[in-house]
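Keep the 3D view open as you read.

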Amino acid sequence: MKNRIFLVLALAFILKVSAQETVILPNQDKRVITTGVPFLLIAPDARAAGMGDIGVATSVDAFSQQWNSAKYVFSEAKSGIGVSYTPYLSKLVNDIFLGNVTYFNRLDEKSAFAVSLKYFSLGDIEFVADEFASPLIQRPNELTLDASYALRLSDQFGMSVAMRYLRSDLRLTGVDGDISAASTFGVDISGYYQGEEQAYSDFNGRWRAGFAIQNIGPTFKYDDAGQENFQPTNLRLGGGFDFIFDDYNKVSVTAEVTKLLVPTPPVLGFIDNDGDGNQDSDEPTIIVEGKDPDVSFLSGMFQSFGDAPDGFSEELKEFTWALGAEYLYQDSFAFRAGYFNESEDKGARKFLALGAGFKANVVNIDLSYLFSASQVQSPLENTLRFSLTFNIGEGEYYEY
């Protein structure tokens, strides 16, 4: 009798365990990494945009603050001011844009500093309580204030540290009870190498290389009850070569790879206790594959190199790459082209870019245009971007 009772209990236990299957929640085949303040990843200047959103290893210009501020110690101009304007979602609206103003100053042979303001406007949003009420106009916006200091450590290599204050004012008066803006801070660490000009068989040439770890900073909330958001911390690595054919013609080719240093979303599921295939209130969500993304920003940076649920193959998909080229004639006219690629499972950003630049006295005018090469339409598709650069004391430092 005891043996029969034991067999019945054992059978019931086996049936219960078999019913407790792990069920994967749907729509997790593409684990796109999302962050707060994504506007920080938009190329703010037309020169970089015209070469496929690259800038960590290109030659120095006024907008180097946005890519690699260590380049400023290689500037031939004493100082400069850059102003840029990028329309956003221009096919739908005409008042969403990204603006940028940057000022740099080369203090001496070995040091330089720069400050910049980046402003992203989400346009006018109109609220009307009823047909008799006057409309309430709101303009959500985000901005950053940056300051950097660069130091030349050798004839060919320099490093820089940049501090950033970030403010995100997306709350709407009359909708959100607490309308104070979210704010936080970030740090960039970058380095730049520019080799000596060397003679080859039919041309002279010069190597360039750079790295930058950008937006290192704590997580933040858009509202008191919301979730913690990672900043778009990213690692940029790049290299390039200048083909110097003569005093009038130069072609520069540059390649760059970028990776977000933010945890990858894990595969989520639940233990289906009753075997009905539906998640009930007593069946909490669990991590089936991957790692817990609820970590500090520093832990998240290191975790991001090995937390993809599909292993190394998925980690490789989290790298974006870009190729860009620039033809420069007599330092007066430039033609640019580039290609940017991102895995379809991680955002599917793929586009071709073209750009041009003109110089008139101390003013440089740069333009760029983007053609999407992905089924996912880019918000910047068919958008013309503008940049102006005013170089002061050009030729005061001779580098080559």
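A salt bridge here is a side-chain nitrogen of Lys or Arg within 4 Å of a carboxyl oxygen of Asp or Glu. With that in hand, look at Arg206 and Asp242: their closest N and O atoms are 3.2 Å apart, so they form a salt bridge. Arg206 belongs to strand S11 (residues 204–216) and Asp242 to strand S12 (residues 234–244), so this pair ties together parts that are 36 residues apart in sequence. What is the relative accessibility of Arg206? It is 3%, so Arg206 counts as buried. Asp242, at 2%, counts as buried too.

Before going further, please keep in mind that this is a predicted model. The average pLDDT of the protein is 86, and 89% of the residues score at least 70. The stretch to treat with care is residues 5–19, where pLDDT stays under 50 and the model has three contacts beyond four places in sequence. Where pLDDT is low, the predicted coordinates should not be read in detail.

Now for the overall picture. The protein has four helices and 20 strands. Of its 400 residues, 45% count as buried. Take the contacts between residues at least 6 apart in sequence: 59% of them join residues at least 24 apart.

Back to the charged pairs. Side chains of opposite charge can pair when their charged atoms come close. How many salt bridges does a search of the whole structure find? The search finds 20. One of the pairs is Arg236 with Glu256, whose closest N and O atoms are 2.9 Å apart. Arg236 sits in strand S12 and Glu256 in strand S13 (residues 249–260), so the bridge ties together parts 20 residues apart in sequence. Both of these residues, Arg236 and Glu256, are buried.

Another pair to find is Lys346 and Glu318, a salt bridge with its closest N and O atoms 3.3 Å apart. This one links distant parts of the chain, 28 residues apart: Lys346 is in the loop between strand S17 (333–341) and strand S18 (350–360), while Glu318 is in the loop between H4 and S16. Lys346 and Glu318 are both buried.

You will find Glu314 in helix H4 (residues 312–317). Is Glu314 buried or exposed? Its relative accessibility is 4%, which means that Glu314 counts as buried. The side chain of Glu314 makes a polar contact with the side chain of Arg31, at 2.9 Å. Not counting residues up to four places away in sequence, Glu314 touches Arg31, Thr264, Ala308, Pro309 and Lys346.

From there, move along to strand S16 (residues 319–329), where Thr320 lies. Thr320 has a relative accessibility of 8%, so it counts as buried.

Next, turn to Gly36, in the loop between strand S1 (21–24) and helix H2 (46–49). At 1% relative accessibility, Gly36 counts as buried. Which residues are in contact with Gly36, leaving aside its neighbours within four places in sequence? They are Phe220, Tyr222, Asn229, Phe230 and Pro232. Gly36 and Gln231 are 195 residues apart in sequence, yet their C-alpha atoms are 5.4 Å apart in space.

Our last stop is the largest pocket, which holds about 1,100 Å³ of space. It is lined by 46 residues, and those closest to its centre are Glu76, Lys250, Leu328, Asp331 and Glu394. Several elements give two or more residues to the lining, among them S11, S12, S13 and S16, along with strand S19 (363–372) and strand S20 (384–394). Which element provides the largest share of the lining? That is S20, with four residues.

Note on methods:
Residues numbered from 1 in each chain as written. Predicted model: local features only at pLDDT ≥ 70, side-chain atom pairs only at ≥ 80, totals over all residues. Heavy atoms only, no water. Buried < 20%, exposed > 50% of the residue type's maximum accessible area, 1.4 Å probe, protein only. Polar contact = N/O pair within 3.5 Å; in protein donor to acceptor, adjacent residues only side chain to side chain. Contact = heavy atoms within 4.5 Å. pLDDT = per-residue confidence, 0-100. 1 Å grid on protein atoms, 1.4 Å probe; cavity = no way out; pocket = protein on both sides within 12 Å on 5 of 7 lines; lining within 4 Å. Points joined across faces, edges and corners; volume = space filled by probe spheres on them.
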